[in-house]
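This briefing describes the protein chain and ligand shown below.

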Amino acid sequence: MKRNRSSTPRTPSQCVRPRLGEMLAPSLDSVRIFLHILAAGIWVGGQIVLAGVVPGLRKIGPEATQAAAKGFARVAWPAFVLAFVTGVWNLIEADQTVGTGYQVTLGIKILLVVAAGGAAAAHAASDKKVVIAATGAIGLVASLVVMFLGAQLSSAV
Ligand code: HEM
């Protein structure tokens with residue numbers, strides 16, 4: 001269902017969405033946003049959790065960090081693809097009359113998605129400490145900004 005942002009209900013009493021009893025009924029929009037947030041949470045949250053557990057794993061040995069990195073990649077890359085696909089789906093469903101601010105924010109978000117994916121790929125491929133540290137930090141910061149810009153887009157207008 002295309003969303004007309006300017007007429008988005010601002011109070012519960014203005015809400016005309018179909019209901020299930022007192023609850024809002026689920027819709028394709030809720031499924032789309034759910035999948036986008038799920039994928040975003042796995043991609044960004046996974047990096048934060050990994051950053052938290054890696055120092056402890058290093059004390060066990062390189063095989064422990066490698067196993068964690070492999071496990072992360074198995075879950076995080078499919079989540080990244082899902083975030084991309086549902087992001088494009090968001091775009092298709094977005095109100096096409098949105099203003100320049102929305103378009104610019106979206107453009108920056110997409111550039112940062114590419115930067116985050118590139119940094120994460122370089123992080124996984126490198127065996128140089130300085131490159132691993134720099135690309136890990138860039139990937140995480142870019143992903144966090146992407147998430148914040150997503151919140152900006154969803155709360156726009
Ligand atoms: C790692 C990649 C991504 C992350 C972490 C991410 C994160 C988010 C988050 C947290 C939201 C707010 C969801 C909400 O509460 O409504 C959002 C919304 C949005 N995202 Fe993404 N996103 C990613 C990729 C993409 C891509 C690749 C695109 C476009 C090609 C995109 C387009 C959008 C749009 C248009 C919205 C607004 C949805 C709406 O409210 O209608 N996202 N994103």
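**Overall fold**

In the protein chain, 72% of the contacts with a separation of 6 or more are between residues 24 or more positions apart; two residues are in contact if their C-beta atoms, placed from the backbone, lie within 7 Å. This is a predicted model, in which local features need pLDDT of at least 70 and side-chain atom pairs count only at pLDDT 80 or more, while totals for chains, interfaces and linings use all residues. Residues are numbered from 1 along each chain as its sequence is written.

- The protein chain has four helices and two strands, where helices (H or I, at least four residues) and strands (E, at least two) are DSSP runs numbered from the N terminus.
- The order of the elements from the N terminus is β-β-α-α-α-α.
- Of the 157 residues in the protein chain, 17% are buried (20 or more other C-beta atoms within 10 Å of the residue's own; exposed means 12 or fewer, and partly exposed lies in between, with C-beta atoms placed from the backbone).

**Ligand shell**

- The ligand has 25 residues around it, of which Ala 40, Gly 87, Asn 90, Gly 150 and Ser 154 come nearest; a residue counts as near if its C-beta atom, placed from the backbone, lies within 6 Å.
- Helices H1 (28–60), H2 (62–93), H3 (100–125) and H4 (129–154) each give two or more residues to this shell.
- By class, the shell comprises 19 nonpolar, six polar and no charged residues (Ala, Val, Leu, Ile, Met, Phe, Trp, Tyr, Cys and Pro are nonpolar, Asp, Glu, Lys and Arg are charged, and the others, Gly among them, are polar).

**Packing of H1 with H4**

- The axes of H1 and H4 are 10 Å apart, at an angle of about 145 degrees; axes are lines fitted to C-alpha atoms, for helices over the stretch in contact, and angles run from 0 to 180 degrees between N-to-C directions.
- Ala 40, Trp 43, Val 44, Gln 47 and Ala 51 of H1 make the contact with Gly 139, Leu 140, Ser 143, Leu 144, Met 147 and Gly 150 of H4.
- This contact of H1 with H4 has seven nonpolar, four polar and no charged residues.

**Packing of H3 with H4**

- H3 and H4 pack with their axes 8 Å apart and at an angle of about 155 degrees, and they are therefore roughly antiparallel (an angle over 145 degrees).
- The contact of H3 with H4 has 18 nonpolar, eight polar and one charged residues.
- Gly 118 lies in helix H3 and is partly exposed, because 14 other C-beta atoms lie within 10 Å.
- The C-alpha atoms of Gly 118 and Gly 139 are separated by 7.8 Å, although these residues are 21 residues apart along the chain.

Key
Angles under 35 degrees count as roughly parallel, over 145 as roughly antiparallel, 65 to 115 as roughly perpendicular and the rest as oblique.
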